Amino acid sequence: MNRLFFRFFVLVMLAITGATFVIYFVFARLFGDPLDDIARRQASAQIFLLEQYVDRAPADEWLGRLNKVREVSEAHFDLIPLDQARAALPARQHAALERGQVVLDPQHKAFFRRVDLKGERYIGSNEEAIRAYNLPIDLGQALAMEVVRYVVVALALLVPIALWSRAHWRALQTLSRVADEFGAGQLSARARLRPADAVYPLAERINAMAERIQGLMDAQKNLLHSVSHELRTPIARLEFALELLNARAADPALAKRIAAMEGDLAELNALVNELLSMSKLDNAQGPTRALFELEPLLRECADGLHPRPQRLHVDLGERLGSLDADRRLLGRAIGNLLRNAQKYAAHEVALRARRDDGTLEIAVEDDGPGIPDEERDRIFEPFYRLDRSRDRATGGFGLGLSIAHKAIALHGGSLQVEQSALGGARFVIRVPDGVLAG
């Protein structure tokens, strides 16, 4: 957001600067150089003496009056050949000189003018020019006046633009904050703006979208929670009925079928438990925090795995310290990651933890087939499973990683998947500084 308004401010400043140069050159082309006009006003006294005192003298007194002006004026008046005057001026000013006009040379604090056009002042006067120099012309003051003029214009433009931008910036900051809160799971976040705000229609549309999303999410959570609870009763009845049926079954084939049905029912019951866990995490406002030692928790998670042919390697760094977190939720997340790694590992599973520079990193790795890059953004979605896991050999419902991801997110941490040095997948939990204790 700050970058957006910085770019806007730079664009406005560049536009004002460009407009200043355009205005200057257009006015210079149409009405003459503003610096020449200022210089003419500064030399107006000397020009007045020449035009109103010297030039109004009779022809035989003209040189006498010019000499009197030389005596009283601080500027110096000389008579020079007309060709010398032409050489001292740029070509664009020659035409004005030929017409008998006063031509200023502000850089050298001087002006030039022909004595006359027809030689009436004295013999050869039409071939000479008057050069006045050491005039009270101050280009620095002239430039300062021009700068002040354009600064005033720029401020007159920037003040209303700044007020307009500030109102927009505050409104957009509100929308940005609401978007961050909504994205972080606070579905009740809404933008509270006044109808007079320019972005009020946008805020209303965002609020309406948020209302629809919140309604859909609440309906989904309520449905998931209700269905999970309602399924428990018929599942319990079926379990009881199968136990009675199995007790009275004398046929081995029938007993085998009943055992398969009991396995399916146990799988369904596990799914309901997972759905209820998901529902609790979705509805949780925050974890129940308490201070506990991390290393015993990690060893409990490793010891709680079912025996498998794969070798489990545990590498816990020194001084892991304590966490201010929900021990049960964090243990559930790590346990899910270990069981997932155990399913796909060929020979080895690794649990590693280290604490460095105020950051805790817990990694679970395996030497299995790994996870393709294009699948890594989706494996934390509920019920999403890779194609190779959709069989009874690996089992699972596609909820374990999602539960782990939600549990870590509730603590403000992150769970990411990477390529492991063992050849398979590497799931990394990173815990923020606020969760760490001494």
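Mentor: Helices (runs of DSSP H or I, at least four residues) and strands (runs of E, at least two) are numbered from the N terminus. The model is predicted, and local features need pLDDT of at least 70, side-chain atom pairs count only at pLDDT 80 or more, and totals for chains, interfaces and linings use all residues. Residues are numbered from 1 along each chain as its sequence is written, and side-chain values use heavy atoms, without hydrogens and water.

Trainee: Where is lysine 109 found?
Mentor: Most residues other than glycine have a negative phi. Lysine 109, although not a glycine, has a positive phi of about 55 degrees, and with a relative accessible area of 39% this residue is partly exposed (buried means under 20%, exposed over 50%, partly exposed in between, with a 1.4 Å probe and protein chains only). Lysine 109 is in the loop between strand S2 (103–105) and strand S3 (110–114).

Trainee: What is the relative accessibility of asparagine 134?
Mentor: Asparagine 134 is another residue with a positive phi, of about 60 degrees, without being a glycine, and its loop runs between strand S4 (128–133) and helix H7 (139–183). Asparagine 134 counts as partly exposed, its relative accessibility being 44%.

Trainee: Which are the edge strands of the sheet formed by four strands?
Mentor: This open sheet has the order S1-S4-S3-S2 with antiparallel pairing, where two strands pair if DSSP finds at least two bridges between them. An edge strand pairs on one side only, and the edge strands here are strand S1 (76–81) and S2.

Trainee: Which strands does helix H3 touch where it packs on this sheet?
Mentor: S2 and S3 run antiparallel and are joined by three bridges, with alanine 110 in S3 as the bridge partner of aspartate 105. Helix H3 (residues 44–54) packs on the sheet with its direction at about 15 degrees to that of S3 (axes are lines fitted to C-alpha atoms, for helices over the stretch in contact, and angles run from 0 to 180 degrees between N-to-C directions). The strands touched by H3 are S1, S3 and S4.

Trainee: Within what arc do the buried residues of H3 fall?
Mentor: The buried residues in H3 are Gln46, Ile47, Leu50 and Val54. They line one face of the helix, because down its axis (using directions from the axis to the C-beta atoms) they fall within an arc of 105 degrees.

Trainee: In helix H2, which residues are buried?
Mentor: The buried residues of H3 pack against H2, helix H4 (62–72), S1, S3 and S4. In helix H2 itself (residues 34–42), the buried residues are Pro34, Leu35, Ile38, Ala39 and Gln42.

Trainee: How many residues does the second, separate core have?
Mentor: In the largest core, which counts Ile334 among its residues with the most contacts, isoleucine 334 touches Leu298, Cys301, Leu351, Ile362 and Ile429, leaving out residues up to four places away in sequence (contact means heavy atoms within 4.5 Å). The second core includes Leu50, Leu66, Ala132 and Ile137, and its number of residues is 19.

Trainee: At about how many degrees does H11 run to S9?
Mentor: The open sheet of five strands has the order S6-S8-S9-S11-S10 and mixed pairing. S9 and S11 pair in the antiparallel sense over six bridges, and valine 364 has phenylalanine 427 in S11 as its bridge partner. H11 lies across S8, S9, S10 and S11, and its angle to S9 is about 25 degrees.

Trainee: Which backbone nitrogen does the side chain of aspartate 366 reach?
Mentor: Aspartate 366 has its place in strand S9 and is buried, with a relative accessible area of 3%. Beyond its neighbours within four places in sequence, its contacts include Ala341, Glu348, Ser420 and Ala425. At 2.8 Å, the side chain of aspartate 366 reaches the backbone nitrogen of glycine 368.

Definitions and conventions: A nonpolar core is a set of buried Ala, Val, Leu, Ile, Met, Phe, Trp, Tyr and Cys residues joined through side-chain atoms within 4.5 Å. A polar contact is a pair of N or O atoms within 3.5 Å; within protein, one must be able to donate a hydrogen and the other to accept it, and residues adjacent in sequence count only if both atoms are side-chain atoms.
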